[in-house]
Amino acid sequence: MGREAILISIRENKPTLLPLPDIDLNAFSEETNLAERFKDNVKLVGGRIKEIALADLDREIKEMFPNAKQIVCELENSSLGNISIFENTDPHDLALIDLAIIKGDLGVAENGSIWISENQFTLRALPFITNDLAIVLSKEAICLHMLNAYELIAQRERNFGLFISGPSKTADIEQCLVIGAQGAMSLTVYVV
Amino acid sequence: MSHSKKAEIFNKNEAKVNWHDKALWYVREKRDLSAHKVQGWEYLRELASGIKANVLSNLDEYLIQFEKNAQKNGIKVHWASNAEEHNIIVNNILAEHNAKKVVKSKSMLTEECHLNPYLESKGIEVIDTDLGERIVQLAKESPSHIVLPAIHKTKEEVDILFQEYLGTKPNFGNPEYLTHEARKHLRDKFLKADAAITGVNFAIADTGGFVVCTNEGNADMGAHLAKVHIACMGIEKIIPKEKHLGIFLRLLARSATGQPITTYSSHFNKPATGKEMHIVIVDNGRTEQLSREDFRASLHCIRCGACMNTCPIYRRSGGHSYDATIPGPIGSILSPGMDMKKHSSLPFASTLCGSCSNVCPVKINIHKQLYKWRQVIVKQQKQPLLKNSILKIAGVVLSKPRLYSLSGKSARFILKKAPKFMIYNRLNTWGKARDLPEVKNEIFDEWYKKRTKNG
Ligand code: SF4
């Protein structure tokens with residue numbers, strides 16, 4: 001039953017060992033403006049993107065989200081947060097959060113996604129349960145494609161992390177794209 | 001009931017069939033646009049196929065490695081030979097936590113194992129949280145497509161369904177209103193859930209982590225709120241190294257919907273403090289498929305749905321006509337391996353045009369495998385029922401049964417040689433009520449004569 005039976009059955013039925021292909025990264029290299037490509041793709045996937053000076057961050061966010069009342073901010077260089085969360089905070093308490101502001105580690109130009117990880121936010125539920133999400137990303141931290149991205153995040157502490165690309169969405173009703181399914185209703189990326 | 005009979009039922013509503021056909025073809029076109037933007041796309045497919053072939057040839061070692069690394073990170077690993085064992089394991093985990101309310105994100109494996117009815121029989125509420133899956137769950141149906149579960153439903157049908165179950169106002173099928181009402185309804189379910197069940201898109205041997213991809217964020221809403229997360233995976237979901245995700249994630253969403261990547265590609269490596277994370281590794285007929293040399297490559301499948309979107313038969317017969325957990329071309333290779341008797345008509349639900357193999361991101365030779373299944377089935381099952389259905393199947397969905405039953409090659413030839421507008425324009429779309437234009441017949445005749453001449 002279970003484990004042993006499965007492993008035995010695989011051994012009996014698997015083909016002779018085939019080699020793991022080598023990956024030639026040169027096949028994917030391209031001359032391109034990473035920042036522009038990234039920007040276009042963030043928009044393509046339904047996100048907003050703005051290049052700003054770090055000093056203007058709070059003003060920019062306030063302007064973009066004038067009605068946000070409950071704000072969790074996981075950045076040192078912003079004073080907008082008015083709700084503190086800790087590792088032992090019950091994630092259910094985040095249900096009424098209007099806005100979460102977190103740091104992104106890495107942007108991927110080919111698809112407009114951003115790697116964010118638990119190392120940058122206290123509770124895993126935060127970027128999903130918040131109504132709006134703002135990610136602050138350094139303009140130096142943009143790579144071309146996913147293979148580059150995995151090289152760059154290879155040394156991280158592995159707990160939980162994700163590539164996030166735009167706001168939550170669905171086209172499950174007659175293929176009509178609707179923004180705001182079960183996760184955050186909007187994603188705004190601030191490139192600093 | 002055979003595929004042809006079920007397809008006939010679906011074809012009764014012509015307007016809906018036409019819509020279904022066009023909607024899926026549109027998704028196929030989006031896939032093309034998106035794929036063409038990627039430098040090295042064909043090379044990516046080759047790599048993905050090569051990696052999957054290596055995985056199958058070393059699957060036992062990779063699974064052991066995965067288990068060891070996952071356990072090191074505090075994830076609990078379970079193994080299930082079949083659907084029944086899988087369901088028992090899941091139920092036992094839930095029972096340990098006295099979990100009565102469960103939210104589930106998309107997992108074709110749990111569909112295959114019929115987990116929902118099993119858990120419901122134990123008094124557990126299971127809510128499917130992907131919008132499309134929630135729609136079919138409320139309608140007491142099964143998904144008709146692996147990526148677009150409710151593609152067979154019109155917005156007006158969803159409107160009526162939601163009025164009945166979610167108390168929404170009549171709205172002439174407004175997708176935005178309906179989606180946001182579903183969001184409220186599902187939020188409540190997420191907040192009250194005791195446990196979350198998700199599928200697994202990729203499990204990584206060298207880290208012991210796994211990746212779940214969604215557009216809605218439902219897998220994450222479930223997994224991060226509930227105290228227990230159970231992820232269920234078939235043995236073939238393993239990939240050797242984390243860096244290989246760089247290949248598969250570039251292919252998956254582009255092939256599926258034409259998006260450059262899914263909204264959320266979540267990497268789970270460790271349970272959060274104070275929470276539990278379980279993985280159930282399931283065989284359920286997969287090692288048997290592994291033993292079949294001709295059909296083994298079907299286990300490469302990453303469930304993108306591209307072969308369905310492109311298939312002229314699928315588009316005009318609907319997912320339910322296949323009466324199988326995985327419909328469409330890939331389902332027609334997988335299902336006979338699970339239950340040959342029940343699914344013997346499926347390999348015939350194809351023109352063998354090869355479009356499926358052309359779009360498949362992991363380069364499964366789908367149409368060749370369909371052809372091979374036909375040979376196996378004809379040899380093994382000589383009863384008249386089947387002979388009849390061979391003739392009927394293509395005939396119901398296509399228009400000239402005699403022509404198309406002669407040889408799979410003939411249909412493929414026509415599709416390859418005919419200009420695109422002939423294959424895909426509205427008049428010539430495969431449909432019961434439509435005759436293919438005579439010119440096709442001529443092409444076929446000419447070709448056939450030439451073929452016989454040249455031996
Ligand atoms: S067989 Fe290929 S095209 Fe079809 S769902 Fe699987 S991966 Fe996608």
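A residue is called buried when its relative accessible area is under 20%. The structure shown in these views is a predicted model.

**Figure 1. An open sheet of eight strands contains strands from chains A and B.** The strands follow the order β7(A)-β4(A)-β5(A)-β8(A)-β9(B)-β6(B)-β5(B)-β8(B), and their pairing is mixed. At the edges stand β7 (142-143) of chain A and β8 (238-239) of chain B; each has a single partner strand, so one side of each is left without a neighbour in the sheet. Strand β8 (residues 160-164) of chain A and strand β9 (residues 264-268) of chain B run antiparallel and are joined by five bridges. Within this pairing, A:F160 stands opposite B:F268 in β9(B). Helix α11 (residues 218-225) of chain B packs on the sheet, where it touches β8 of chain A as well as β6 (210-214) and β9 of chain B. The direction of helix α11 makes about 30° with that of β9(B).

Figure 2. Over all chains, a search of the whole structure finds 10 aromatic pairs. One of them is formed by A:F160 and B:F268, with 5.1 Å from centre to centre and 50° between the planes, a tilted arrangement. A:F160 counts as buried at 2% relative accessibility, and B:F268 is buried with a relative accessible area of 1%. A second pair consists of B:F202 and B:F248, whose ring centres are 5.4 Å apart and whose planes lie at 35°, so the pair is tilted.

**Figure 3. Charged side chains lie over aromatic rings.** The ring of B:F248 has the charged end of B:K52 over it, 5.5 Å from the ring centre. B:R250 lies over the face of A:F28, at 5.2 Å from the centre of that ring.

**Figure 4. B:H267 is a buried residue in strand β9 of chain B.** The relative accessible area of B:H267 is 2%. Its side chain is joined to the side chain of A:Y150 by a polar contact of 2.7 Å. The side chain of B:H267 also reaches the backbone oxygen of B:S265, at 3.0 Å. Leaving aside residues up to four places away in sequence, the residues of chain A that B:H267 touches include A:W115, A:Y150, A:R156, A:N159 and A:F160.

**Figure 5. Helix α8 (residues 131-138) of chain B is largely enclosed by the rest of the structure.** Eight of the eight residues of this helix are buried, among them B:L131, B:E133, B:R134 and B:Q137. The buried residues of α8(B) pack against β9 (169-170) of chain A. They also pack against elements of chain B, namely α6 (108-112), α7 (115-121), β3 (125-128), α9 (155-166) and α10 (175-192). The N-terminal end of α8(B) is capped by B:D130, which has a side-chain oxygen 3.1 Å from the backbone nitrogen of B:G132. After α8(B) comes B:K140, whose phi is positive, near 55°.

**Figure 6. B:S350 occupies the loop between α16 (328-338) and α17 (355-359) of chain B.** At 12% relative accessibility, B:S350 counts as buried. A polar atom of the B:S350 side chain lies 2.8 Å from the backbone nitrogen of B:L352. When residues up to four places away in sequence are not counted, B:S350 touches B:I313, B:L370 and B:R374.

Terms used. Residues are numbered from 1 along each chain as its sequence is written. Chains are lettered from A and ligands numbered from 1 in the order in which they are written. This is a predicted model: local features need pLDDT of at least 70, side-chain atom pairs count only at pLDDT 80 or more; totals for chains, interfaces and linings use all residues. Side-chain values use heavy atoms; hydrogens and water are left out. Two strands pair if DSSP finds at least two bridges between them. Helices (H or I, at least four residues) and strands (E, at least two) are DSSP runs, numbered from the N terminus. Contact means heavy atoms within 4.5 Å. Axes are lines fitted to C-alpha atoms, for helices over the stretch in contact, and angles run from 0 to 180 degrees between N-to-C directions. Rings of Phe, Tyr and Trp (its six-membered ring) pair if their centres lie within 6.5 Å; planes under 30 degrees apart count as stacked, over 60 as edge-to-face and the rest as tilted. Buried means under 20% relative accessible area, exposed over 50%, partly exposed in between (1.4 Å probe, protein chains only). A charge sits over a ring if NZ of Lys or CZ of Arg is within 6 Å of the ring centre and within 35 degrees of the ring normal. A polar contact is a pair of N or O atoms within 3.5 Å; within protein, one must be able to donate a hydrogen and the other to accept it, and residues adjacent in sequence count only if both atoms are side-chain atoms.
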